[in-house]
Amino acid sequence: MAASEVYYMNARSESPQTSLVAKMLTVFEAAGIDQLIKPGDLVAIKIHCGEWNNTAYLRPVYPRALADRIKELGGRPFVCDTTTLTYSPYASRATELDLKMTAERNGFSSAVLGCPFICADGFIGTGDYRVDVPTGYLLKEAYIAQAIAAADVLICLTHFKGHPMGVIGGAIKNLGIGCQSKRGKHNVHLGGHPKYSVANAAIWHPENFKGKANMEDWKILEDCCPYSLFKVDEDTIHWDRARCTSCLGCIGVMAPRGLFEFPEENFAATDAAIADGALGAVTAVGKEKCGFINLAIDISPRCDCVSFSDMPIVPNLGVFASKDPVAIDMACLDKVRESHGMPGSIADDFDLLEPGTRKFETVSATVHGLSEEAQINTGTLNGLGNREYTLIETEPQPMQRHLFALDQRLSGERFRAKFLKFTPFPYERHDGQGFLREQEIDTEFVKAWHGNGDNGGVAGGTEAAEGAKAGD
Amino acid sequence: MAAVTKGLENLQETIATCQQVSGAIATASVAEAASARQALDGVLAALNEVSDKFFIKTMMSVPPTKACKTEAVAVAALVADQKWSNLPAAVEKLEKATRALVTKAKMDGTTIT
């Protein structure tokens, strides 16, 4: 199989045409993703809108600029995300209402995006489209968010970062988790699976429950489960594990209290399932109708799905685009490995500052033994894509294409009449100098610290102070 | 790349170091040694309590347990050299690292998935 093409621009910016927004649009076109869009096409831009109080998710200007470009091409864009499993006792995106409120707080609204922001899998998350995945490594079917499955073109606009379960969060995860409905996420998280589900994989330690009297917050043990599968008595706790769906709402409660243990295999199997879910999403839309843009910036160790963002583990690396989700993730991963770790970050805590280290499986993975390549390798095995890639360094486009788009006349033409009418500069004051100021100051004086004014301060301050008192 | 030392291994080494230091200072007559021994008892109790937590089996436990190990080794070095005047500050650092570990081991708000 021939290597897949991945178009790349680094993260440096020193001009309008090298801004990261311009670079995103540049690699979008270089990779030929613009050619996928025909007039009238519904184009889903799949983003991660970020959890409540997460700050590392992609800024809304990126999907906005992409949506504007898609409209220029005649497409009808919408930006979307999907409802989550509960994942924690304090989920902020598990219904359409919560998702949209969180997304709006994070800046994703139609006013900002210039197109609708859609919850792609319905109010609860059961609006989906089932597809067979016959070549799946673990999953043999997937449930794809309806609005994504209904789109003519899917563009995954992905923030590349780490992930506690998936180890990396790139294009494959944006497809394999992000494009699944809530039902689909139950599938990918292996709910009901005879070996890898929480019900069957978790080691249950009810003996570590020491009674209500010894656990002030015992109620959380019952209340964390949306299926009401935990029952707490005075001295015992019961779990109806046969009905557990692997919604994962409980594990952040049970595990720290010693009630659950998780074998690494449970996480590893999910990583493989993510790539199968990704294949389902691509299958639902059509492989030839999907494009991928990864922004490897603000590369936090944990996903945008957590309600905090640790400092990046490596510097910003750049912008990537491809029609192959496996190749683009491999290219990003290689760049992270090639990079120095960020001093002061968790990469520093783990002594991973030298280039050439496999950073994510150490700093991002929840448990030991996971691989930062598991999604990529599974995606190669199931036919999602190719881990072999050719990285194509892309040149910036002409500056004119990335100037202020709403009015491209020069400033003289645009503002001459306005400035004549509402002159911002008061020519008539202070002998034409316009403003009250010192004629000269000692610039060297303020470059150095001279204490708290006990050496007399800057000469000539009195006149200015008096002018201020007079309201001049 | 060298394998990352697991949190549990760091913790066990820390406990062993603290126990060794505690034994070594048991017979020392200086005041610093007596107060250090009392502090080490508290540290050991805290470390033993977190040793069976799920957190210790996660990657997240590596940095805080490594910090405890580093501080315990520093305390042990001072005791070996009988630099008693520096001991209180070093023990305080170990206590601080232990408190940080105990706090993190609660995994309040941590998203495992």
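Leaving aside neighbours within four places in sequence, which residues is Phe320(A) in contact with? This is a predicted model: local features need pLDDT of at least 70, side-chain atom pairs count only at pLDDT 80 or more, and totals for chains, interfaces and linings use all residues. Residues are numbered from 1 along each chain as its sequence is written, and chains are lettered from A in the order in which they are written.

**View 1. Contacts of Phe320(A).** Beyond four places in sequence, Phe320(A) meets Val6(A), Tyr7(A), Tyr8(A), Val27(A), Ile293(A), Asn294(A), Ala296(A), Ile328(A), Ala331(A) and Cys332(A). Contact means C-beta atoms, placed from the backbone, within 7 Å.

**View 2. The largest nonpolar core.** The core holds 174 residues; Met24(A), Val27(A), Ile148(A) and Phe320(A) touch the most other members. Helix α11 of chain A (residues 264-285) gives the most, 12 residues. Domain 1 (4-191 + 265-401) and domain 2 (203-261) of chain A each supply at least three residues. Domain bounds come from an automatic or database domain assignment. A core joins buried Ala, Val, Leu, Ile, Met, Phe, Trp, Tyr and Cys through C-beta atoms within 7 Å. Buried means 20 or more other C-beta atoms within 10 Å of the residue's own.

**View 3. Chain B against chain A.** The contact takes 18 residues from chain B and 22 residues from chain A. The chain B side has nine nonpolar, four polar and five charged residues. Asp, Glu, Lys and Arg count as charged; Ala, Val, Leu, Ile, Met, Phe, Trp, Tyr, Cys and Pro as nonpolar; the others, Gly among them, as polar.

**View 4. Chain B.** Chain B has four helices and zero strands. Helices are DSSP runs (H or I) of at least four residues, strands (E) of at least two. Buried residues make up 42% of its 113 residues.

Key. A residue is buried if 20 or more other C-beta atoms lie within 10 Å of its own, exposed if 12 or fewer, and partly exposed in between; C-beta atoms are placed from the backbone. Two residues are in contact if their C-beta atoms, placed from the backbone, lie within 7 Å.
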